[in-house]
Amino acid sequence: ALLGAFSGSASGQCGAGAAGRAPFLPQLQIQTSGAGTTVSAASANDPANQSIVGLWDTQWQQLSPGPAAFFDEGYDQFHSDGTEVLNDIPAPSTGNICLGVFVMTGRLSYALHHVFWTFDGSGNLIGRGEWDSKITLGKSGASYNGTWTVKNYTLSGVLLEPIYSGTMSAQRITVQSGSIR
């Protein structure tokens, strides 16, 4: 969600607002098809998990247009079939659930293409957007960081200015022993 980055009548909406191991670790299953490469992991709770598959608490910082500022936070879930779902912090009435697809681009690197709808302050559909990210998984598999760019369009496909970009960081969410009561 842009969280106030739009001026005028638009409201916030989703998307607007591993060392010394062999490449492609044994617990990863790589599947290649005409649509790209998808990755799955033996277990999202495995401390040696070096796949992006799992649930993440992700934060985005906006760098452009400046000044640098908090942009968004959400729970981001990556699935073994190469799809992704984001539930971020704007109100549900503004479209806080978004969908994406991702591919592995290197040993610990991923590209994510995330799509979303935009709404005005009255809840009327006014456009769509694309949120593209380049992600690097930490060597432990417990975190990632990267860069992102958000582009917003009218419903007829006209690109709106400004284009937003920045950095991101995430921490893996796992079931901790004793956390279930």
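Student: What should I know before I start?

Tutor: The model is predicted: local features need pLDDT of at least 70, side-chain atom pairs count only at pLDDT 80 or more, and totals for chains, interfaces and linings use all residues. Residues are numbered from 1 along each chain as its sequence is written, and side-chain values use heavy atoms, with hydrogens and water left out.

Student: How many helices and strands does the chain have?

Tutor: Start with the terms. Helices (H or I, at least four residues) and strands (E, at least two) are DSSP runs, numbered from the N terminus. This chain has 10 strands and 0 helices. Its elements run β-β-β-β-β-β-β-β-β-β from the N terminus on.

Student: How do I read the pairing of strands?

Tutor: Two strands pair if DSSP finds at least two bridges between them. Here, 8 strands make a closed barrel in the order 3-4-5-6-7-8-9-10, with antiparallel pairing. On average, neighbouring strands of this sheet are turned by 30° against each other, direction ignored. That angle is taken between axes, which are lines fitted to C-alpha atoms (for helices over the stretch in contact); angles run from 0 to 180 degrees between N-to-C directions.

Student: How many bridges join strand 5 to strand 6?

Tutor: There are 5 bridges between strand 5 (residues 83-88) and strand 6 (residues 97-106), and the two run antiparallel. Find Glu84: its bridge partner in strand 6 is Gly100.

Student: What joins strand 8 to strand 9?

Tutor: Strand 8 and strand 9 run antiparallel and are joined by 11 bridges. Leu137 stands opposite Tyr144 in strand 9. The two strands form a hairpin with 5 residues between them. In its turn, Gly141 has a positive phi of about 80°.

Student: Which residue takes a positive phi in the hairpin of strand 9 and strand 10?

Tutor: Gly157 does, with a phi near 95°, and 4 residues lie between the strands. Strand 9 and strand 10 pair in the antiparallel sense over 10 bridges. Tyr153 stands opposite Leu159 in strand 10.

Student: Now Ile52. Is this residue buried or exposed?

Tutor: Buried means under 20% relative accessible area, exposed over 50%, partly exposed in between (1.4 Å probe, protein chains only). Ile52 is buried, because its relative accessible area is 0%. Its place is in the loop between strand 2 (36-40) and strand 3 (54-64). For the chain as a whole, 41% of the 181 residues count as buried.

Student: Which residues does Ile52 touch?

Tutor: Contact means heavy atoms within 4.5 Å. Leaving out residues up to four places away in sequence, Ile52 touches Phe78, Phe102, Tyr110, Ile135, Leu137, Tyr144 and Arg172. Look at Gly141 too: its C-alpha is 7.5 Å from that of Ile52, though the two are 89 residues apart in sequence.

Student: How do I read a nonpolar core?

Tutor: A nonpolar core is a set of buried Ala, Val, Leu, Ile, Met, Phe, Trp, Tyr and Cys residues joined through side-chain atoms within 4.5 Å. The largest one here has 22 residues. Those with the most contacts inside it are Ile52, Phe78, Ile135, Tyr144 and Trp148. Among the elements that give it two or more residues are strand 3, strand 4 and strand 7 (109-119).

Student: And aromatic pairs?

Tutor: Rings of Phe, Tyr and Trp (its six-membered ring) pair if their centres lie within 6.5 Å; planes under 30 degrees apart count as stacked, over 60 as edge-to-face and the rest as tilted. The whole structure holds 9 aromatic pairs. One is Phe71 with Tyr164: tilted, 6.0 Å centre to centre, 40° between the planes.

Student: Why does that pair tie together parts 93 residues apart in sequence?

Tutor: Because Phe71 lies in strand 4 (residues 69-78) and Tyr164 in strand 10 (residues 159-173). Phe71 is buried at 1% relative accessibility, and Tyr164 is buried at 3%.

Student: What about Trp131 and Trp148?

Tutor: They form a tilted pair, 5.6 Å centre to centre, with 55° between the planes. Trp131 is in strand 8 (residues 125-137) and Trp148 in strand 9 (residues 143-154), 17 residues apart. Both count as buried: Trp131 at 2% relative accessibility, Trp148 also at 2%.

Student: Which residues do ring pairs link into a cluster?

Tutor: Trp56, Phe78, Phe102, Tyr110 and Tyr144.
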